[in-house]
Amino acid sequence: MGNTKRDNLLSSWKEIATYLDCDIRTCQRWEKKFGLPVCRVDEESKSRVYAYKDELDEWLKSGNNKNSSPSKAKSQKLTQQIRLFVLLPLIIVGGFIIYFLFLKTSISPVPSDFRIENSNLIILNEDGKELWRYDTGLENLVSEEEYRQHFQFKKTREDGMGRSLPHLIIKDINNDNLAEVLFSTQTQNEFGEGKLICFNHKGDLLWDFETGRELKFGQKVYSGDYRIFGFDVCDLDHDERLETVLISEQFPDFPTQLVVLTSNGEKIGEYWNSGRLMDLAFVDLDEDGRKEILVGAMNNEYARPSLIIFDVLSIRGSSPQKKNFYKCIDLEAGTEKYYILFPQVDIALLDALMESLSRIDVLKNKRLAATASLCRIIYEFDFNLRLQNIRLTHGTQILHKKAVSEGKVTSVLNEDYKNGLEKDFLYFDGEKWVLEPTRNKNWDRSKN
């Protein structure tokens with residue numbers, strides 16, 4: 001019997017907890033809350049405790065434990081462990097998903113802005129965070145401020161008479177719903193330029209185009225040293241992809257190149273003018289679903305401002321010239337749709353600079369406004385290229401008044417003055433210059 005009593009006795013919290021398959025603190029809590037039958041040597045709470053197994057068994061059976069029996073506790077603990085085992089991988093995977101979907105993408109990958117640092121082009125997102133950079137290798141790359149003046153869109157010059165074409169455009173040009181970056185190298189001394197580069201939104205090179213080539217005008221060979229004057233983009237044929245129209249200049253002489261590239265960088269048109277090209281505009285003049293390319297220019301041989309109009313399907317050859325010095329013997333006759341020479345204006349001829357058509361605006365009611373750079377006269381045309389109005393601007397009047405006061409001109413700004421200008425427009429018909437608005441026959445032949 002003695003041995004039986006000793007086997008029935010549990011003489012410490014540790015033994016009680018082991019018997020109930022729980023920890024000591026749980027046993028102590030059960031004593032206070034559910035009346036776990038334990039005994040003490042005296043009444044002090046810190047006195048040594050003991051308990052009998054049969055009394056503990058009866059307590060478990062009685063239900064006084066309020067569902068906090070060791071067996072249930074053990075079951076609950078096991079259930080929690082199983083749940084944790086199952087849920088832990090899901091929690092980890094979920095954490096990664098949340099990170100990549102939210103935290104990772106919180107840094108927008110969409111190109112929106114830029115910085116120029118030394119020889120580097122740095123592309124930024126809309127929050128100003130750096131996405132990637134490209135090292136041009138050019139120590140004399142122009143400043144960020146200079147690129148800002150030629151960023152994204154054409155900008156009107158401070159004098160209001162001309163335009164600054166872009167040197168950097170961030171836009172979706174190939175209709176992939178992602179922004180590409182079109183970047184032209186520009187240097188402080190205008191050498192080492194002439195390349196247009198297209199990057200995808202990640203900074204990977206999609207294509208590049210090297211402007212210019214060696215050509216012979218008259219007896220003189222002009223080198224392939226060309227610089228990009230500017231470029232612009234437009235969906236010319238309504239295929240939801242943007243063509244790039246690029247102007248590059250031979251430096252330091254007169255040949256100027258016009259190039260049209262697809263969104264993939266393929267050349268679909270190229271034209272050479274004996275004189276500078278200054279502005280671009282795009283409009284569907286004949287409503288055939290394609291936009292014509294309008295180019296403000298000058299023609300060095302004739303010393304006149306010029307307006308050249310192209311059909312995107314036919315851009316080849318060179319400008320119409322008489323003198324061998326200005327003719328390119330390496331190129332065919334140009335396929336421009338229209339080539340128009342504007343009048344020589346007395347106050348413009350006083351300047352040592354050659355006057356150009358520096359600005360083209362598309363107005364309401366199917367009209368065009370073309371501004372001459374030096375005399376500041378604005379000529380308005382309808383879409384059939386018939387002259388509608390000649391505006392002698394405030395700038396024109398100031399220049400004329402000054403020239404009269406200095407005895408340099410004797411003309412009077414009146415209707416006769418404007419009528420004289422109106423009669424001095426010349427249109428190239430493919431063979432000769434005529435006075436009436438006429439299309440170039442070479443363009444007509446190129447369409448057949």
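Colleague: Which residue of strand 11 is the bridge partner of Phe 183?

Modeller: Ile 197 is that partner. The model is a predicted one, and in it strand 10 and strand 11 (residues 195-199) run antiparallel.

Colleague: What makes strand 10 and strand 11 a pair?

Modeller: Two strands pair if DSSP finds at least two bridges between them. Strand 10 and strand 11 have four bridges, so they count as paired.

Colleague: How do you know that strand 9 pairs with strand 10?

Modeller: By that cut-off of at least two bridges. Strand 9 (residues 168-171) and strand 10 are joined by four bridges in the antiparallel sense. One of the residues involved is Ile 169, whose bridge partner in strand 10 is Leu 182.

Colleague: Why is strand 10 described as largely enclosed by the rest of the structure?

Modeller: Because five of the five residues of strand 10 (residues 180-184) are buried. Glu 180, Leu 182 and Ser 184 point one way, Val 181 and Phe 183 the other way, and all are buried.

Colleague: Why is the pair of Tyr 222 and Phe 254 called edge-to-face?

Modeller: Ring centres must lie within 6.5 Å for a pair, and planes over 60 degrees apart count as edge-to-face. The rings of Tyr 222 and Phe 254 have centres 5.2 Å apart and planes at 70°, so the pair is edge-to-face.

Colleague: What makes Phe 254 and Tyr 326 a tilted pair?

Modeller: Stacked requires planes under 30 degrees apart and edge-to-face requires over 60, with the rest called tilted. Phe 254 and Tyr 326 have 55° between the planes and 5.5 Å centre to centre, hence a tilted pair.

Colleague: Which parts of the chain do these two pairs tie together?

Modeller: Tyr 222 lies in strand 14 (residues 220-222) and Phe 254 in the loop between strand 16 (243-250) and strand 17 (255-261), so that pair ties together parts 32 residues apart in sequence. Tyr 326 lies in the loop between strand 21 (304-310) and strand 22 (338-341), so its pair with Phe 254 ties together parts 72 residues apart in sequence. Ring pairs also link Phe 217, Tyr 222, Phe 254, Phe 325 and Tyr 326 into a cluster. The whole structure has 23 aromatic pairs.

Colleague: Are Tyr 222, Phe 254 and Tyr 326 buried or exposed?

Modeller: Buried means under 20% relative accessible area. Tyr 222 has 1% and counts as buried. Phe 254, with 9%, is buried, and Tyr 326, with 17%, is buried too.

Colleague: How do you know that the charged end of Arg 148 sits over the ring of Phe 114?

Modeller: The CZ of Arg must be within 6 Å of the ring centre and within 35 degrees of the ring normal. For Phe 114 the distance from the ring centre is 4.1 Å. Arg 148 also lies over the face of Phe 151, at 5.9 Å from the ring centre. Both distances fall within the 6 Å cut-off.

Colleague: What lines the largest pocket?

Modeller: The largest pocket holds about 430 Å³ of space. It has 20 lining residues, and the closest to its centre are Ile 347, Asp 351, Leu 353, Ser 373 and Leu 374. The lining divides into 10 nonpolar, three polar and seven charged residues. Helix 8 (residues 394-405) gives the largest share, three residues.

Colleague: What is the volume of the second largest pocket?

Modeller: About 250 Å³. Of its 18 lining residues, Ser 319, Pro 320, Gln 321, Lys 327 and Phe 428 are the closest to its centre.

How values were computed:
Residues are numbered from 1 along each chain as its sequence is written. This is a predicted model: local features need pLDDT of at least 70, side-chain atom pairs count only at pLDDT 80 or more; totals for chains, interfaces and linings use all residues. Side-chain values use heavy atoms; hydrogens and water are left out. On a 1 Å grid over the protein atoms alone, a cavity is a set of points where a 1.4 Å probe fits but cannot get out, and a pocket is an open set with protein on both sides within 12 Å along at least five of seven lines; lining residues have an atom within 4 Å of a point. Grid points are joined across faces, edges and corners, and a volume is the space filled by probe spheres set on the points. Ala, Val, Leu, Ile, Met, Phe, Trp, Tyr, Cys and Pro count as nonpolar, Asp, Glu, Lys and Arg as charged, and the others, Gly among them, as polar. Rings of Phe, Tyr and Trp (its six-membered ring) pair if their centres lie within 6.5 Å; planes under 30 degrees apart count as stacked, over 60 as edge-to-face and the rest as tilted. Buried means under 20% relative accessible area, exposed over 50%, partly exposed in between (1.4 Å probe, protein chains only).
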